[in-house]
Amino acid sequence: MLDAQPALSAIVQGRLSTKQLDRVSYSRDMWPLAMVWRRQGRMPPPPDAVLWPGTDDEVAKVIRLARERRLAVIPFGAGSGVCGGTVALHGGLSLDLKRFDAIGVESTADNRRDYHELLFRSTDAMKNHIS
């Protein structure tokens, strides 16, 4: 990620942080299992960086660069999810999308099937990684 940091920072006009406090803050949501881990003193792994894009063009450029560099991208809304979707198993970029008031996504059967497959594989991987 370090070699991509200057390019990522330029894309989001400097709205990028690698500060430990930001990274830890973006490593959790309201997933009950992760809340138990925190009570046990175990923290989910944080992302390598947190980015705050301001336009859909910035999001597209971040995703394009992340794909080229094989970096995980973790979308972050309000942190109120309950499925552990913010856990950065292998680092990556937390993409804070709170600046957006609406995002249009074409919903197709393929998209829904891919999402559900990814969700269940991710949940199993997180359980094995953290335990």
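A residue is taken as buried when its relative accessible area is under 20%. In this predicted model, Pro45 has a relative accessible area of 18% and is therefore buried. Pro45 is found in the loop that runs between helix 3 (32–39) and strand 2 (49–51). Along the sequence, Pro45 and Arg28 are 17 residues apart, and their C-alpha atoms are 8.9 Å apart in space.

Ser27 is also placed in a loop, between helix 2 (20–25) and helix 3. With a relative accessibility of 1%, Ser27 counts as buried. A polar atom of the Ser27 side chain lies 2.7 Å from the backbone oxygen of Val24.

Helix 4 covers residues 56–69; at 1.5 Å a residue, its 14 residues should span 20 Å, and the end C-alpha atoms are 20 Å apart, which agrees. The buried residues in helix 4 are Glu58, Val59, Val62, Leu65 and Ala66. These residues lie on the same side of helix 4, because they cover an arc of only 135 degrees around the axis. In an α-helix there are 3.6 residues a turn, so residues three or four places apart point the same way. Asp56, Arg67 and Glu68 are exposed on the other side of helix 4. The buried residues of helix 4 pack against helix 1, strand 2, strand 3 (73–76) and strand 4 (93–96). After helix 4 comes Arg70, with a positive phi near 60 degrees.

Helix 1 (residues 5–11) contains Ala7. Ala7 counts as partly exposed, at 31% relative accessibility. Between Ala7 and Lys61 there is a C-alpha to C-alpha distance of 9.9 Å, although the two are 54 residues apart in sequence.

Definitions and conventions:
Residues numbered from 1 in each chain as written. Predicted model: local features only at pLDDT ≥ 70, side-chain atom pairs only at ≥ 80, totals over all residues. Heavy atoms only, no water. Helix = DSSP H or I, 4+ residues; strand = E, 2+ residues; numbered from the N terminus. Buried < 20%, exposed > 50% of the residue type's maximum accessible area, 1.4 Å probe, protein only. Polar contact = N/O pair within 3.5 Å; in protein donor to acceptor, adjacent residues only side chain to side chain. Expected span 1.5 Å × (residues − 1). Arc of directions from axis to C-beta. Contact = heavy atoms within 4.5 Å.
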